[in-house]
Amino acid sequence: MFLGIDIGTSGVKAVVLDERGAVVAQGVAALTVQRPHPLWSEQDADAWWQATDAAVRALPADVRRAVRGVGVAGQMHGATLLGEDDRPLRPAILWNDGRSHAECAELDAAADFRGIAGNLVMPGFTAPKLAWVRRHEPETFAKVRTVLLPKDHVRLRMTGEKASDVSDAAGTLWLDVAKRDWSDALLAATGLSRAQMPRAVEGVAVTGTLRAEVAEAWGMAGVPVAGGGGDNAAGAAGVGVVTDGDALLSLGTSGVIFVATKDFRPNPARAVHAFCHCLPGLWHQMSVHLSAAACIDWVARLTGAAGAAELFARAEAAGPASGPEIFLPYLSGERTPHNDAEVRGGFLGLDHDTSPERLAQAVLEGVAFALADGLDALRDAGTTVNRLSVIGGGARSRYWGQTIAAALGVELVYLSGGEVGPALGAARLAQIAVDGGAPADVCVPPPVSHTIAADPLLAERLAPKRARFVDAYPRITPNRTRA
Ligand SMILES: Nc1ncnc2c1ncn2[C@@H]1O[C@H](COP(=O)(O)OP(=O)(O)O)[C@@H](O)[C@H]1O
Ligand SMILES: O=C(CO)[C@@H](O)[C@H](O)COP(=O)(O)O
């Protein structure tokens with residue numbers, strides 16, 4: 001059996017697969033995000049390890065004993081700064097942190113990030129965060145011995161090894177994405193060197209074995225740990241999005257439309273991302289929306305719903321396009337297509353009949369409209385998307401899927417285990433690392449549980465609201481320079 005561990009933003013998921021790819025057991029442990037100042041978003045790296053340990057220990061002991069390989073996936077871009085003793089120097093700065101706007105412009109001017117790293121320099125990425133620390137916390141910057149991404153910090157705790165797979169490493173903006181290796185020029189532009197980076201490896205490489213005390217605590221002696229992937233790339237491996245043109249929709253804390261590409265296709269216009277895939281010889285493009293299921297949890301808290309499931313039930317009670325309310329889901333700013341870390345969310349069109357149910361409905365529509373903006377940006381970048389395999393916790397709601405399919409005008413495909421897709425993919429990468437085998441043979445799509453076609457009548461009802469949504473962003477940010 002193979003264990004996949006996903007360090008998500010809302011929690012760690014541990015999933016065990018058998019050799020045929022069937023899910024045998026799952027464990028979860030929640031995480032919280034700290035926002036001590038406007039635009040900041042941080043987590044304690046030790047909390048990742050504690051949650052990983054709890055999620056793995058939640059698996060049955062006999063299943064743990066049968067594990068022959070471990071793979072890791074995780075939220076991308078998080079800057080975990082380690083000192084000489086390999087301990088964190090400060091809380092990790094996350095992918096949805098917006099503090100480094102000024103540093104982005106400086107890095108963009110200092111080196112060819114767009115050409116080599118293939119992306120606009122955006123505040124969510126790792127490089128500008130280090131530039132921010134260099135300016136605002138110079139004593140900490142001077143002590144940085146190693147910079148690790150979230151899953152790679154967990155790897156260090158598991159194996160004692162410093163390594164990062166290239167799909168995740170690309171999200172630092174220090175990778176030469178075409179060459180799948182660190183770029184000395186981009187590191188130097190940030191005041192760093194290769195010596196401060198983990199070893200860059202492919203997702204299917206073995207990066208070490210479990211340390212003796214971890215192996216003993218988990219009951220899995222001498223087990224190898226694979227390179228793994230950034231959560232979106234690992235999710236793609238998990239649901240078989242491994243051939244040029246295959247695409248997925250991730251409904252986690254963030255929302256992502258991910259398209260596998262057979263070559264490196266940078267097109268930074270409108271904040272489209274281009275990174276390595278976690279399988280050798282593949283890359284991907286994606287649109288990234290900073291608050292997707294995060295908006296569901298937020299409005300659930302705001303309106304006193306017990307959780308996501310109750311929130312969706314309330315939205316369904318209101319029904320599609322039931323009121324004039326428009327929700328702008330920019331709770332953490334937005335990447336694609338606006339590249340605007342400072343914009344914030346809002347409701348428009350409230351009236352005397354606005355109810356918690358209609359607010360819930362407006363929120364799930366607003367996220368769908370943001371995803372439609374992302375799909376438009378990908379299409380402007382020359383990418384075709386006809387169907388999307390759905391991963392992430394939001395895959396549990398069919399009702400949301402109907403709205404999203406109609407707003408995007410594409411069919412959604414739900415696959416068995418998709419709601420924990422990145423962990424699924426991490427386990428598959430471990431299987432390839434340990435047993436070999438062609439990635440295309442191991443990373444096949446799991447069985448389809450259901451599909452949701454774009455309903456033309458619903459699309460027609462949503463169209464005027466989408467038009468108002470598109471119109472709103474430039475109106476609430478009249479003085480912004482557009483990405
Ligand atoms: N029954 C449900 N229906 C729809 N969404 C759900 C349901 N249960 C949980 N979720 C959503 O799943 C999200 C977590 O998804 P996940 O992919 O685990 O995120 P992350 O990887 O960012 O931690 C929660 O924010 C929640 O809104
Ligand atoms: O920043 C990105 C991708 O560029 C996000 O997709 C993060 O990787 C977080 O993922 P989730 O926790 O939402 O799965």
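Here is a short tour of the structure above, one selection at a time.

**Before you click.** You're looking at a predicted model, where local features need pLDDT of at least 70, side-chain atom pairs count only at pLDDT 80 or more, and totals for chains, interfaces and linings use all residues. Residues are numbered from 1 along each chain as its sequence is written, while chains are lettered from A and ligands numbered from 1 in the order in which they are written.

**Stop 1: colour by confidence.** pLDDT is the predictor's confidence in each residue, from 0 to 100. The protein chain averages 97, and 99% of the residues score at least 70. Pick out helix H17 (residues 439-442), where confidence is lowest at a mean of 94, then strand E8 (residues 146-148), where it is highest at 99. Those labels are DSSP runs numbered from the N terminus: helices are H or I with at least four residues, strands are E with at least two. For the complex, the predictor gives an ipTM of 0.99 and a pTM of 0.98.

**Stop 2: helix H1.** Select residues 45-57. Which residues of H1 are buried? They are Ala45, Trp48, Ala51, Thr52, Ala55 and Val56.

**Stop 3: ligand 1.** Of the 17 residues around ligand 1, Gly8, Ser10, Gly252, Thr253 and Gly393 come nearest. (Near means a C-beta atom, placed from the backbone, within 6 Å.) Helix H12 (293-303) and helix H13 (308-318) are the elements giving two or more residues to this shell.

**Stop 4: ligand 2.** Here 15 residues surround the ligand, with Thr9, Met76, Trp95, Gly252 and Ser254 the closest.

**Last stop: Met76.** Find Met76 in the loop between strand E5 (69-74) and strand E6 (80-82). Is Met76 buried or exposed? Met76 is buried, because 29 other C-beta atoms lie within 10 Å. The unreviewed UniProt entry lists Met76 and His77 under "binding site".

How values were computed: The expected span of a helix is 1.5 Å times one less than its number of residues. A residue is buried if 20 or more other C-beta atoms lie within 10 Å of its own, exposed if 12 or fewer, and partly exposed in between; C-beta atoms are placed from the backbone. UniProt positions are given in the numbering used here, feature names are shortened, and annotations may be inferred rather than shown by experiment.
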